[in-house]
Amino acid sequence: MLKVVVRRLLVMPFLLLGIVTATFLLAQFTKGNPLISIIGARNLGNAEIVAAAKARWGLDGSVPERYAIYVWNLAHGDLGTSFRTRQPVLTDLAQRLPATLELVIAAMLVGTLGGIGLAIVSAEFKDSAADHLARLVALMGSCLPVFWLGLIALFLFTVQTRLLPGPGRLDIRAVAPPPVTGFMLVDTLLAGDGAGFVDALRHLVLPAAVLGWSVMGIVTRMVRASMLDVMGQDYITMARAKGAGRLRVLVHHALANALIPALTILGFTFAYLITGSVLVETIFSWPGIGSYAVDAARSLDYPAITGVTIIGGLGFLLANLMTDIAYAAADPRMRDAG
Amino acid sequence: MALPPRFARSTGFAAALLSSVFVLPMGATKAAADGPLVVARAMDINSLDPARAYCDTCQIYLSAVYATLLTLAADNQTIVPSLAKSWEVSPDVTTFTFHLDPAATFSDGSPVTAADVKWSLERLKNVKGGPSYLMDSLKAIEAKDDRTVVITTTTPNSEFLGILAAPYTGIINARLATANGANAKDDAATSDTSDTWFLAHSAGAGPFVLEAYAPDDSLRLARNEAYWAKKPAVPAVVLKQTADAVTQAQMLQSGAADIAMQVDPDTAKTVASPDVTFKAVPSFNYVYAAISPAAKGAPVPLTLEVREAIALALDYKGIIDFTVGGEGKEQPSPIPNGYPGTKDLPAPVFDPARAKELLAKAGYPDGFAMELELPAMNVYGVDLSLLAQKVQQDLGKIGIKLSLKPVPFTVWASDIDSPGAPFALGFFAPDYFGSAQYVQYFGMMPDMPWAKRAGVGKEPGLDGKEQLAMYQAALAATDTAGQEKAYHDLALKMIADKIILPLVSPNLVLAYRNEVSGVRYSACCNLPLGEIEKK
């Protein structure tokens, strides 16, 4: 297993270079004019302003020249400066990635724990009303558009009942804690700000629940099918025959094995949500990577597009690696696989 | 049955956490009179440097932080003093002398001098950023003494005072900015490195100072405690990024925001709250259709007859009802209603029968097929896709079969320039109070953007010379009446060209909580934050 991990890690830089090259070229040849976000559409006919902007932002060279400069800078840890935010892309990503990770981790917790719970109920009471209800809840999570769910959730919990706060990571009028990790829950605790921690937690509930529900559907269906498969196995019958309790059979014998196929899905869902949580981020004004990526694409902000792709690509590669490791931990047969 | 102690402890903690999450009253986050004013809006900031920023949110920020020589009164018509206490204009409208208010100081307490004015405006020109075109006619600036500035322009410019009320011409503390990488030299476009510094600092003489900016999240301003004029009533302002109009309305209802800036009329109608005020006011923004005879891919020559037929086939009132539920105005010319020269212009005419006649006369009794290119977006509350469908429906009635081509904004802006789009939708908002900017962009004069697309100098009737002469006359006008007449004539000519067909000038919905007052729409500055009060 160690060999697999080392081999994966060694190949990773080359895969990333491939991703960077493909993204860079796709962005360059995409129709549209990136100068719009720098000087505005109205100035596109102003030759003097256009020439100055091209020179300043390195858009006056040929594509191979620009590619060579980009890769050289990248090798030195410089992802360029965003046309839109005028900040180094690395700074932009460092500000947004923790926000997205905080949301995605919370959503994965909601989705995974909820999904497994529903799957257990569904598998144990197959074809009963509980099964149908659990599957309906899961199906709704998968089918209902998250932007709609988000708006409805805000209306119910923020406007009508006022149980939870509105968009953002913290009360808009509150002063944010000094950014240490970028994770609001952690930073408020590090600052010794208990009220800020509760406020950050309250702000996290709705977006995490909405995003988590969409994950819940996938998890429930995957684990349920796997559980039903496992529960028909001889060793489950054996466990029951030996007098193991219902809960022990379900959780210890069935679930532990049924989770293995779900690991792949969970790993990739996590990686996907890092850049795929854009709708929830938009509705809840959550300043994360997803909305950054969409805004970058909209304005043809080449450095930002490539920066986000690197993060997304890295996320998928790491998720793949972690899934393999988790597989090995969960299934002894995998540990010796080369 | 007693619970195990560890389980009881963890259950107790979870219960406490849950109750703190759900039971904490919302009132705790409600607006306090002495708290910051929260403005929810979809922000489009591309820089916080007055010479490089160029966007709607930039207008709000810059006018709050950087005082200008002049400003626009609440009537959106009159130029009034700001940093300049008084001024004189030479009879040939090329020399402008300004006398600075001796009380004016920057936020660090240092006085605003003529040298700062000279440096700021020269930098605006030389940085060659988005708003640099405002200084196109600048010839020279002389700081006669600490309090007197003389600006000369290359050609007469009766609109120069209006330009100097634009927030992009905000005066910068030259000493402070220079120490942080800014310069006003000829090569400032590449040698000025202060862009990033301006994202975290401000150096103006406006009612607020920049406290913090987190791109795509929030922009925080604090009251300038050293402000030299009437200090703002609110101690701080937070502009909160809120992309969605429905979310903005919900924030307003819940008290999370005091003002929401992009609530469209339809969304406003869904909000039934006694705590919130919605006021629709006419805006100077508009959406138009543009016909470009010189663009590649036109299915038939887009002659004046064809263009007139298209203009007559459009149901302007229906468009306003269909797109903004009646909350908008018809706009006769590319110069918006309320701007110099627009008084008593003839309203656009809807006459499909006459349109069909003209089309037949042009040789197309059965119409033709054409593409309509549009940016796929919602702008000023108008869903351009919806608008395009209405235009498609209207033109279908006279036999013109439109196929709709929605594209991203960056593609649209590139396409209309080259290879050109024979028929397209577009939109426009003013940079300052003055009609010249519309003539410069939409007028049929040599080298102007839409003139090139329309084929000025090649297309019959579009010679370019006539409007150029009228434009020069307007800029040389020495009195308001002369200016009004010159722009009125230009507007009539632009209407007759039928290149730009304004479709709707949507009302702006001012949405705010009842404890807030002083909210108004400004033609130069969008939302003047310094005038807003909160009970």
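**Before selecting.** Residue numbers start from 1 in each chain in the order its sequence is written, and chains are lettered from A and ligands numbered from 1 in the order in which they are written. Because the model is predicted, local features need pLDDT of at least 70, side-chain atom pairs count only at pLDDT 80 or more, and totals for chains, interfaces and linings use all residues.

**Chain A.** Select chain A and colour by secondary structure. It has 15 helices and 0 strands; these are DSSP runs numbered from the N terminus, H or I over at least four residues for helices and E over at least two for strands. The C-alpha trace of chain A spans about 85 × 55 × 40 Å along its principal axes. Of its 338 residues, 47% are buried, where buried means 20 or more other C-beta atoms within 10 Å of the residue's own, exposed means 12 or fewer, and partly exposed lies in between, with C-beta atoms placed from the backbone. Contacts are pairs of residues whose C-beta atoms, placed from the backbone, lie within 7 Å. Among those in chain A between residues at least 6 apart in sequence, 70% join residues at least 24 apart.

**The interface.** Now show both chains. Their contact takes 54 residues from chain A and 47 residues from chain B. On the chain B side, the elements giving two or more residues include α1 (5-23), β10 (236-241) and α14 (409-417).

**Two domains of chain B.** Select 66-199 as domain 1 and 286-506 as domain 2 of chain B; such bounds come from an automatic or database domain assignment. The domain centres, taken over C-alpha atoms, are 34 Å apart. Domain 1 gives 15 residues to their contact and domain 2 gives 12 residues. The domain 1 side divides into 9 nonpolar, 5 polar and 1 charged.

**The core.** Select Ala260(B), Val287(B) and Leu503(B), which touch the most other members of the largest nonpolar core, a set of 188 residues. A nonpolar core joins buried Ala, Val, Leu, Ile, Met, Phe, Trp, Tyr and Cys residues through C-beta atoms within 7 Å. Each of domain 1 and domain 2 of chain B supplies at least three residues to this core. Leaving aside neighbours within four places in sequence, the contacts of Leu503(B) include Val287(B), Leu314(B), Ile319(B) and Leu387(B).

**A helix pair.** Select 316-324 and 384-396 of chain B, helices α11 and α13. Their axes come within 9 Å and cross at roughly 145 degrees; axes are lines fitted to C-alpha atoms over the stretch in contact, with angles from 0 to 180 degrees between N-to-C directions. Gly318(B), Ile319(B), Phe322(B) and Thr323(B) of α11(B) meet Leu386(B), Leu387(B) and Lys390(B) of α13(B). The residues of this contact comprise 4 nonpolar, 2 polar and 1 charged.

**A loop residue.** Finish at Ile45(B), in the loop between β1 (37-41) and α2 (56-65) of chain B. Ile45(B) counts as buried because it has 23 C-beta neighbours inside 10 Å. Beyond four places in sequence, Ile45(B) is in contact with Cys55(B), Thr57(B) and Cys58(B).

Terms used. Two residues are in contact if their C-beta atoms, placed from the backbone, lie within 7 Å. Ala, Val, Leu, Ile, Met, Phe, Trp, Tyr, Cys and Pro count as nonpolar, Asp, Glu, Lys and Arg as charged, and the others, Gly among them, as polar.
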